[in-house]
Amino acid sequence: MNERNARTQPGSSMSDNASSILTLGFDSASMRACLLESVNGRYRLAAWSNAALQPSISLDTQAGGLLQHLGDRLHRTLWNGDEGAPFVLSDEPTSRPPLEQIAVVASPRDRVRVWLAGLTATQSLAAAEDALKGGPAEIVGQTLHSADLQVGRLAAVLARIEIDLIVLVGGYDYPGSEGLQPLYELSRVFAAVLARTPTPQRPQVLFGGNRWAAAGVAEIFQAEGAGTIEVVENVRPAPGVLHGGGLIQAVNFAYWRLCRRSEGMREISRWVT
């Protein structure tokens, strides 16, 4: 555990009734707590501490332990054990000053695990790869359309690596039915895979291909009992054109939803003032 106390630094002085701001930060490997106090009208870092995250313990419980440790070191109450929350209300504000504000920045899990599926490696899949470079995504595998795709084999692979998101792409935004059939065939394979997957373990599906095929792709997944899909703008609407904004926005939102599912995250969100 790393920590610092600005109270012990030369030249620092804190008033007894200074208002305090607590900031908590979480990433996939660690958590941090920083205490800011108002000195002569300006907030300064008073103390901080961090620790490694323990995957088997809820985030709120770990944050409570960190704040208890930091408070003990400062001889100040930062954690209300009875409430299971930071110390924000005090019957004796002079001798036991409460925290005035709490801010939380939390990204407590690894990046979204993405499986790409598309028609061509050099166009649609390449465009999706380029777009995903700007977001919290880790590409763990990909599937190219072919006549010999096997549902059972693909289902076994996807179950083994535990993906979060399937991104299905392909086709330019040209009207007409000529280029739609390969996308429909690829969609049927993945819809059949997801239909075999228990609902709680099903990855989300994003479709970022030919916009004229989107409705048909959605119908295929629904007909197979594979759930719904989310449609974003085509990542490769024309040769040499990249439209990755819609895909990145959807991946960011998927990451946020996954973070919200982290144990203790809901409780921590209630602490923000």
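Mentor: Let us begin with a term: two strands pair if DSSP finds at least two bridges between them. Strands (E, at least two residues) and helices (H or I, at least four) are themselves DSSP runs, numbered from the N terminus. The model is predicted, so local features need pLDDT of at least 70 and side-chain atom pairs count only at pLDDT 80 or more, whereas totals for chains, interfaces and linings use all residues. Residues are numbered from 1 along each chain as its sequence is written, and side-chain values use heavy atoms, with hydrogens and water left out.

Trainee: With pairing defined, in which order do the 5 strands of the open sheet stand?

Mentor: Strands of a sheet pair through backbone hydrogen bonds, either parallel or antiparallel. Here the order is β9-β8-β10-β11-β12, and the pairing is parallel. The edges are formed by β9 (137-144) and β12 (230-231), each of which pairs on one side only.

Trainee: How many bridges join β8 to β10?

Mentor: There are 4 bridges between β8 and β10, and the two strands run parallel; within this pairing, Leu-116 has Val-167 of β10 as its bridge partner. Strand β10 (residues 165-168) is also joined by 4 bridges to β11 (residues 204-207), again in parallel.

Trainee: Which way do the side chains of β10 point, and are they buried or exposed?

Mentor: A residue is called buried under 20% relative accessible area, exposed over 50%, and partly exposed in between (1.4 Å probe, protein chains only). In β10, Leu-165 and Val-167 point one way and Ile-166 and Leu-168 the other, and all of them are buried.

Trainee: What lies across this sheet?

Mentor: Helix α2 (residues 124-132) lies across β8 (112-118) and β9, at about 160° to β8. Helix α5 (residues 214-223) lies across β10, β11 and β12, at about 160° to β11. Such angles run from 0 to 180 degrees between N-to-C directions, the axes being lines fitted to C-alpha atoms, for helices over the stretch in contact.

Trainee: At what angle do α4 and α5 pack?

Mentor: Helix α4 (residues 180-195) packs against α5 at about 30°, with the axes 9 Å apart. That makes α4 roughly parallel to α5, since angles under 35 degrees count as roughly parallel, over 145 as roughly antiparallel, 65 to 115 as roughly perpendicular and the rest as oblique. Where contact means heavy atoms within 4.5 Å, Tyr-184, Ser-187, Arg-188, Phe-190, Ala-191 and Leu-194 of α4 meet Gly-216, Val-217, Ile-220 and Phe-221 of α5. By class, this contact has 7 nonpolar, 2 polar and 1 charged residues, with Ala, Val, Leu, Ile, Met, Phe, Trp, Tyr, Cys and Pro counted as nonpolar, Asp, Glu, Lys and Arg as charged, and the others, Gly among them, as polar.

Trainee: And how closely do the axes of α2 and α6 come, and at what angle do they cross?

Mentor: The axes of α2 and helix α6 (residues 245-260) come within 9 Å and cross at roughly 55°, which means that α2 is oblique to α6. In this contact, Ala-128, Ala-131 and Leu-132 of α2 meet Leu-247, Ile-248 and Val-251 of α6, and the residues divide into 6 nonpolar, no polar and no charged.

Trainee: Turning to another strand, how many of the 7 residues of β2 are buried?

Mentor: In β2 (residues 20-26), 6 of the 7 residues are buried, so the strand is largely enclosed by the rest of the structure. It is joined by 7 bridges to β3 (residues 30-39), which runs antiparallel to β2, and the two form a hairpin with 3 residues between them. Strand β2 is also joined to β7 (residues 101-106) by 6 bridges, in parallel. Leu-24 is opposite Ala-33 of β3, and Leu-22 is opposite Ile-102 of β7.

Trainee: What should be read from the loops, and where is Asn-210 placed?

Mentor: Asn-210 is in the loop between β11 and α5 and counts as buried, at 4% relative accessibility. Leaving aside residues up to four places away in sequence, Asn-210 touches Gly-170, Gly-171, Tyr-172, Asp-173, Tyr-174, Leu-180, Leu-183 and Asn-234. His-75, in the loop between α1 (59-74) and β5 (79-80), is instead exposed at 76% relative accessibility, and its phi is near 55°, a positive value in a residue other than glycine. Glu-162, in the loop between α3 (151-161) and β10, also has phi near 55° and is exposed, with a relative accessible area of 60%.
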